[in-house]
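Reader: Please take me through this model slowly, and tell me what each label rests on.

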Amino acid sequence: MARRLASISVDLDSLPHYCRIHGLPESLLDARARGLVYTTAVPRFMELLASVGVPGTFFAIGEDVAADAGAARVLRSSHEAGVEVASHSFSHDYALTRRPLESIREDLRRADEVLEAATGVRPVGFRAPGYTLNAALYAAMVERGYRYGSSTFPAAPYYTAKAAVMGALALLGSPSRAVLDSPRVLLAPRTPYRPEPARPYSRGRGAVLELPMTVTPRVRFPFIGTFATTLPMPAVRALYRACLGDSFFNFELHAVDVLGAEDGIPPELVRQQRDLRVPVAHKLERLRTLFGWLKSDYDVVTLRDAASHLAVNGQGSPLS
């Protein structure tokens with residue numbers, strides 16, 4: 001019988017990136033707030049993973065790690081404790097896919113160098129800023145020799161909400177620096193696949209396996225940390241059960257999923273990033289429960305190990 005796999009991954013986006021999303025000045029953040037991801041969020045995630053007895057994958061931003069020796073030390077400790085450290089690009093530029101190929105190559109190369117210096121191991125996985133893929137970025141991923149990518153997010157409700165928020169911010173004169181992906185992502189496979197290099201949201205024979213974030217069948221509602229920690233528990237349970245038919249469950253979170261207003265985050269950002277209003281204790285207890293569900297129903301592995309298993313088993317056709 002085929003192994004049912006699940007992975008838990010965390011994007012370590014620091015708070016300045018949320019200011020950019022919401023059109024807020026980064027000057028709102030002092031040095032302590034800028035460092036909250038590595039001083040506070042990562043230790044909380046490490047405790048969560050250890051308490052449930054499951055591994056995880058951290059997607060780190062090269063620029064953040066290069067600027068903070070403390071962040072590099074935390075990443076090394078996480079790696080030594082069994083967490084996979086993967087690349088979330090160097091600059092986390094939401095418009096990375098709008099750059100020329102050579103600029104994309106340089107960004108990915110710099111991220112790999114910084115993360116390898118921090119952990120002693122070159123990353124084998126990549127997640128695009130803002131989940132946005134195109135042919136040039138996929139080509140750069142192939143050239144870098146990544147074993148897998150995990151950027152495809154075929155979630156119609158998320159796409160619609162993002163478009164609405166970006167439009168509202170533009171009308172208010174505080175445009176977001178986020179980028180709205182091609183609507184082709186809405187028809188992308190929702191289970192692991194090998195992309196067509198020229199059209200990475202379509203199935204093909206690409207060298208880098210793609211591991212999409214989990215969304216429900218049909219409606220394609222995302223099962224990610226933001227909703228898992230904020231929706232009523234009956235709704236979360238129903239969404240989880242809707243995804244149980246999949247042989248691979250890719251649960252994606254962000255560092256802010258274990259941060260809150262009580263961590264001293266500026267109120268201007270808390271007003272815009274509403275999940276920061278949820279008490280940290282509630283978030284931690286909810287995630288501990290959800291990690292336990294995954295451990296009960298799946299073999300929880302890092303994304304690196306999931307990609308290796310799927311590749312060995314000839315992944316390239318739908319899992320469900």
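Reader: What should I know before we start?

Author: This is a predicted model, in which local features need pLDDT of at least 70 and side-chain atom pairs count only at pLDDT 80 or more, while totals for chains, interfaces and linings use all residues. Residues are numbered from 1 along each chain as its sequence is written, and side-chain values use heavy atoms, with hydrogens and water left out.

Reader: Why is Ser-7 called buried?

Author: Buried means under 20% relative accessible area, exposed means over 50%, and partly exposed is in between, with a 1.4 Å probe and protein chains only. Ser-7 has a relative accessible area of 0%, so the word buried applies.

Reader: Where is Ser-7 found, and which residues is it in contact with?

Author: Ser-7 is in strand E1, residues 5–11. Strands (E, at least two residues) and helices (H or I, at least four) are DSSP runs, numbered from the N terminus. Contact means heavy atoms within 4.5 Å. Leaving aside neighbours within four places in sequence, the contacts of Ser-7 include Phe-248, Phe-249, Val-301 and Ala-306.

Reader: How do you know whether Glu-113 is buried, partly exposed or exposed?

Author: Glu-113, in helix H6, has a relative accessible area of 48%, which puts it in the partly exposed class. Its side chain also makes a polar contact with the side chain of Arg-109, at 2.5 Å.

Reader: What stands out about Tyr-131?

Author: Phi of Tyr-131 is near 65 degrees, a positive value in a residue other than glycine. Tyr-131 lies in the loop between strand E4 (125–126) and helix H7 (135–144). At 7% relative accessibility, Tyr-131 counts as buried. Ser-89 also has a positive phi, near 80 degrees, and at 0% relative accessibility it counts as buried.

Reader: Why are the buried residues of H7 said to line one face of the helix?

Author: Leu-137, Tyr-138, Ala-140 and Met-141 are the buried residues in H7. Seen down the axis of H7, they fall within an arc of 160 degrees, so they line one face. The arc is that of the directions from the helix axis to the C-beta atoms. An α-helix has 3.6 residues a turn, so residues three or four places apart point the same way. What covers the buried residues of H7 includes H6 and E4.

Reader: What caps the N-terminal end of H7?

Author: Asn-134 does, with a side-chain oxygen 3.4 Å from the backbone nitrogen of Ala-136. Just after H7, Gly-145 takes a positive phi of about 80 degrees.

Reader: What makes a space a pocket and not a cavity?

Author: On a 1 Å grid over the protein atoms alone, a cavity is a set of points where a 1.4 Å probe fits but cannot get out, whereas a pocket is an open set with protein on both sides within 12 Å along at least five of seven lines; lining residues have an atom within 4 Å of a point. Grid points are joined across faces, edges and corners, and a volume is the space filled by probe spheres set on the points.

Reader: How much space lies in the largest pocket, and what lines it?

Author: The largest pocket holds about 990 Å³. It is lined by 34 residues, and among those closest to its centre are Ile-21, His-22 and Tyr-158. Helix H8 gives the most to this lining, with 8 residues.

Reader: How is that lining divided by class?

Author: It has 18 nonpolar, 10 polar and 6 charged residues. Ala, Val, Leu, Ile, Met, Phe, Trp, Tyr, Cys and Pro count as nonpolar, Asp, Glu, Lys and Arg as charged, and the others, Gly among them, as polar.

Reader: How many cavities are there, and which residues line the largest?

Author: The count comes to 2 cavities of 30 Å³ or more. The largest cavity has a volume of about 80 Å³, and its lining includes Gly-130, Tyr-131, Tyr-158 and Asp-181. By class, that lining divides into 6 nonpolar, 1 polar and 2 charged residues.

Methods: Polar contact = N/O pair within 3.5 Å; in protein donor to acceptor, adjacent residues only side chain to side chain.
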